[in-house]
Amino acid sequence: MSKLRAIITWFGLAAALSSAVACGGGGEQSSGSGGAGSGLGADAGSGGTGGLSCSDLFADGPPQTYSIEISDSEWQAMDAEFHNLTALESGQDFTVYHPIVMHYGSETVSDAAIKLHGQSSWLQTVMFDANPKMQFDISFSQYNSNGSFHGVSKIVFDMPRGDLTFMHDRLAHRWMRQVGLLAGCSTSARLDINGNYYGLYVLEENINGHVVSEFFPQNPDGDLWKGAEVAETNQETPNWDRLMTFDDAKDLASISAIVDVQGSLTSWGAEALLNDADGYYGGFHNFYIYDQGQAGYLFLPQDTDSTFDWLVQFDLVGSTDHPVYWWYKRAQPAPTPGDKWLPVLSDATWRMRYADAIAALLAQWDVAKIQGWIDTWWQQISSLALSDPHLWTTTDQVAQSPGIAKQEVAARATYLQSFVDCEHGVPGAATDADGDGYLWCDECDDSNPNAHPGAVEICGNMLDDNCDGNVDEGCPSSGTPDVGAM
Ligand SMILES: [Ca+2]
Ligand SMILES: [Ca+2]
Ligand SMILES: [Ca+2]
């Protein structure tokens with residue numbers, strides 16, 4: 001099951017990867033949300049990020065209900081967009097906002113707007129699910145440029161089918177905000193449409209200039225690029241020349257000249273702890289780069305849905321996915337590392353700094369606390385999750401998933417501590433089982449003496465012998481396997 005699911009999932013991701021669908025107009029300035037709301041649910045920044053606060057929409061209690069009214073004709077139009085996979089895969093931004101009336105408690109917003117949200121997860125649910133589940137953006141400023149609700153101009157109802165716990169983003173965002181990494185506020189929310197329960201979501205703050213300025217108070221006006229492709233801030237005038245310099249940087253010297261490598265190691269270390277399968281750590285498109293000016297582009301996590309238990313449930317690896325050579329034991333076809341990854345992580349000095357960054361993050365990864373979030377939030381959402389009318393899997397699988405996520409929170413930390421200890425040469429941890437001269441933390445396969453960085457790539461063995469992320473590269477593409485040849 002696991003491998004098949006993985007292949008299907010990667011297929012879906014890969015199919016959507018080429019399309020780079022622009023996710024609806026992020027980047028507009030949120031009107032006056034700074035300090036709005038009661039601050040409930042806010043996570044105090046752990047220093048250096050200024051005072052982070054959340055609108056009370058993201059309070060940490062049981063899910064609130066957002067109830068929307070939409071006309072039959074608008075709903076049918078949105079449903080037609082939802083099933084238009086040709087347009088989705090074309091990469092064009094073809095979705096439009098539809099007028100709705102939104103009710104929240106005793107409050108009513110009569111000029112709100114709704115729009116489909118998602119990318120690979122949207123493609124997958126339409127392809128694979130009997131009763132596919134839409135994800136949404138709701139905007140309060142589409143029809144009223146000054147509009148906002150509880151200080152927020154746009155909210156996202158996010159629930160990709162890869163999140164069997166219904167809380168990956170909520171968990172990841174909470175922790176990232178605590179360690180000072182860019183992430184929006186989030187909580188769980190129930191959505192009703194025309195009087196019927198439609199589904200349970202993670203409710204997320206849209207990442208825009210306001211959120212950026214919270215995390216970069218000294219340098220709030222830089223370009224934020226999603227996937228190093230789509231401008232999320234400064235959309236009218238992003239610095240394309242800088243981005244081209246970034247794209248062209250393929251070796252350590254040129255990468256160091258345009259990327260804040262030290263800062264990015266913390267983001268990559270965070271992705272390692274979250275066990276993120278489709279961030280930059282993971283070879284996929286779910287990442288940001290933020291232009292800090294002279295300090296260079298900083299890599300940041302984005303869309304942390306495929307985290308925690310994801311690799312256990314959908315791939316061949318779980319908590320023991322290697323933090324440098326993470327692709328090596330993944331289900332095939334495995335993603336390949338981004339072009340800044342290997343030049344940095346192949347360098348002994350930077351790899352040690354990466355281990356140090358992971359060590360610093362481990363000190364802020366409180367296993368009992370994070371497991372406590374899972375327990376508390378699952379109590380809040382379990383009945384809504386299990387009765388979700390658009391559930392795409394079995395209730396048993398959903399019910400088991402928070403427990404698996406809790407195990408991974410602990411197991412991942414234990415494994416990464418062993419990696420840090422290996423890099424630091426701790427006796428008992430710094431081992432070389434295959435005797436090839438490379439510690440297990442410094443190579444992709446410590447059970448194969450012919451596989452290590454710098455090894456000769458052996459043709460036809462379907463292995464990445466030189467640990468560069470490519471299997472049998474530079475080999476004849478057809479004919480019989482040429483095992484043992486260059
Ligand atoms: Ca070895
Ligand atoms: Ca290779
Ligand atoms: Ca090979």
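Predicted model: local features only at pLDDT ≥ 70, side-chain atom pairs only at ≥ 80, totals over all residues.
I'll start with the helix pair. Helix α12 covers residues 348-362 and helix α14 covers residues 395-423. Their axes come within 9 Å of each other, and the crossing angle is roughly 140 degrees. Angles over 145 count as roughly antiparallel, so at roughly 140 degrees α12 and α14 are classed as oblique to each other. The handedness of the crossing, as α12 passes α14, is left-handed.

Which residues make that contact? On the α12 side, they are Arg-351, Met-352, Ala-355, Ile-358, Ala-359 and Leu-362. On the α14 side, they are Ala-413, Leu-416, Gln-417, Phe-419, Val-420 and Glu-423. By type, the contact of α12 with α14 has nine nonpolar residues, one polar and two charged.

Next, helix α5, residues 168-178. Is α5 mostly covered or mostly uncovered? Mostly covered: of its eleven residues, ten are buried. The buried set runs His-168, Asp-169, Arg-170, Leu-171, Ala-172, His-173, Arg-174, Trp-175, Met-176 and Arg-177.

What do those buried residues of α5 pack against? There are strands, namely β5 at 154-158, β6 at 186-193, β7 at 196-205 and β11 at 297-301. There are also helices, α9 at 261-274 and α13 at 367-386. After α5 comes Gly-180, with a positive phi near 85 degrees.

The peptide bond from Gln-332 into Pro-333 is cis, and its omega is near 0 degrees.

One is Asn-234, at about 50 degrees. Asn-234 sits in the loop that joins β9, 230-231, to α7, 240-248. Is Asn-234 buried, exposed or partly exposed? Partly exposed, because it has 16 other C-beta atoms within 10 Å, and the partly exposed class lies between the cut-offs of 12 or fewer for exposed and 20 or more for buried.

The other is Met-462, with phi positive at about 55 degrees. Met-462 counts as exposed, because 10 other C-beta atoms lie within 10 Å.

Definitions and conventions. Residues numbered from 1 in each chain as written. Chains lettered and ligands numbered in written order. Axes fitted to C-alpha atoms, helices over the stretch in contact; angles between N-to-C directions. Helix = DSSP H or I, 4+ residues; strand = E, 2+ residues; numbered from the N terminus. Parallel < 35°, antiparallel > 145°, perpendicular 65-115°, else oblique. Left-handed = near helix turned anticlockwise from the far one by under 90°. Contact = placed C-beta atoms within 7 Å. Nonpolar A, V, L, I, M, F, W, Y, C, P; charged D, E, K, R; others polar.
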